[in-house]
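Could you walk me through this structure, step by step? I am seeing it for the first time and would like to know where to look.

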Amino acid sequence: MTEQHSSRFDDMALYDLQHVRNALTPLLSRLDPLTPGDLEPYDQLHYLGHHALDHAVAQLRITPGADVVDIGSGLGGPARYLAERYECRLTAVELQPELHRLSEELTTLCGLSERVRAVEADALTLDGEGWTGRHDHLISLLAILHIPRREELFGVCRDLLRPEGTFYIEDFYTRRPLTDDERTDLADLVACPYLPDEARYRQDLEQAGFTDMTWTDATDLWLPWVRDRADAFRRGYEERVRLHGEPLAGRLLRFYDTVSALLAGGGIGGVRITGRRG
């Protein structure tokens, strides 16, 4: 693991891909080609599924043929959805090798490899030849919270965009000073070692050269979703144990409960941010 992250992603239950592979087993044995819609229950690691992506497209006015880069692309679900639904070209950048490999596998099964290019890389290194000034739009959904080196990251994000290129970010931020327990849960269970408040977040983006920013608090939108996710997992816990085994099912439930409690506690908020390269 690079210096980019000071948290251990292998301790984060959501990134233990055995539960995804367990759930996908019936789908992967099908003879018919898969679609992004088939995979949505498993490969969207952000909130609100494709509805969040439709919102991003509307905010950025993404058109067919647009070149979009996804920073922290996870299992590639957002990239595949945008490629199929909106006929975009996607570059899906993911640091974690296991996520990257499964992303490539699923993209191939969906027949979208010509539109979705999966790249295993540290986002902080994407400033070489072939990357700079290439993309019309940049998206990042609940990934930046894992990356504390914001000055470097936002500088790279700026350089990835063409002049006047736009970005859409969904992320966490602090709404009040956090307790020691909240900071511990963020670092240990959510792999988030650093979380700025709104003023600092805006300042970091502005210093990187972004302009025309909008900041929309999404906490009230996300909170029912994360509560429902935790409640649904708990109601089906016995089936989850049969599918995944007790240790993994228990870790997943703890993760879902922790995220729900963090957002409900009022110290951590959700935000949607848009802007453009100046």
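Is Arg234 buried, partly exposed or exposed? Arg234 is partly exposed, with a relative accessible area of 37%. Please keep in mind, as we go along, that this is a predicted model.

Let us stay with this arginine for a moment. The side chain of Arg234 meets that of Asp231 in a salt bridge, at 3.4 Å from N to O. Both residues belong to helix α9, and because they are three residues apart there, about one helical turn separates them. Asp231 is also partly exposed, at 35% relative accessible area.

Now turn to the sheet. Seven strands make up an open sheet with mixed pairing, in the order β3-β2-β1-β4-β5-β7-β6. At its edges are β3 (116-120) and β6 (210-217), each of which pairs on one side only. From one strand to the next, the twist averages 15°. In general, the strands of a sheet pair through backbone hydrogen bonds, and they may do so in a parallel or an antiparallel way.

Strand β2 (residues 89-94) runs parallel to β3 and is joined to it by five bridges. Here you can find Ala92 opposite Ala118 of β3. Helix α5 (residues 97-109) packs on the sheet and touches β2 and β3, its direction making about 160° with that of β3. Another helix, α8, packs on the sheet by touching β5, β6 and β7 (268-277), and its direction makes about 155° with that of β6.

The whole structure holds 15 salt bridges. One of them joins Arg89 to Asp67, with the closest N and O atoms 3.8 Å apart. Since Arg89 lies in β2 and Asp67 in β1 (residues 67-71), this pair ties together parts that are 22 residues apart in sequence. Arg89 is partly exposed at 42%, whereas Asp67 is buried at 7%.

A second example joins Asp212 and Arg276, at 3.2 Å from N to O. Asp212 lies in β6 and Arg276 in β7, so the pair connects parts that are 64 residues apart in sequence. Asp212 is exposed, at 55% relative accessibility, while Arg276 is partly exposed, at 26%. Together with Glu164, these two residues form a network of salt bridges.

Next, follow helix α8 (residues 198-207), where Asp204 is found. Asp204 counts as buried, at 9% relative accessibility. Leaving aside residues up to four places away in sequence, Asp204 touches Arg150, Phe154 and Tyr194.

Our last stop is the aromatic rings. There are twelve aromatic pairs in the structure. Phe172 and Trp222 form a tilted one, 6.4 Å from centre to centre and with 55° between the planes. Phe172 lies in strand β5 (residues 161-174) and Trp222 in helix α9 (residues 219-235), so the pair ties together parts that are 50 residues apart in sequence. Phe172 is buried at 3% relative accessible area, and Trp222 is buried at 0%. Ring pairs also link these two with Tyr47 and Trp225 into a cluster.

Notes: Residues numbered from 1 in each chain as written. Predicted model: local features only at pLDDT ≥ 70, side-chain atom pairs only at ≥ 80, totals over all residues. Heavy atoms only, no water. Phe/Tyr/Trp six-rings, centres within 6.5 Å; stacked < 30°, edge-to-face > 60°. Helix = DSSP H or I, 4+ residues; strand = E, 2+ residues; numbered from the N terminus. Buried < 20%, exposed > 50% of the residue type's maximum accessible area, 1.4 Å probe, protein only. Contact = heavy atoms within 4.5 Å. Pairing = 2+ DSSP bridges. Axes fitted to C-alpha atoms, helices over the stretch in contact; angles between N-to-C directions. Salt bridge = Lys/Arg side-chain N within 4 Å of Asp/Glu carboxyl O.
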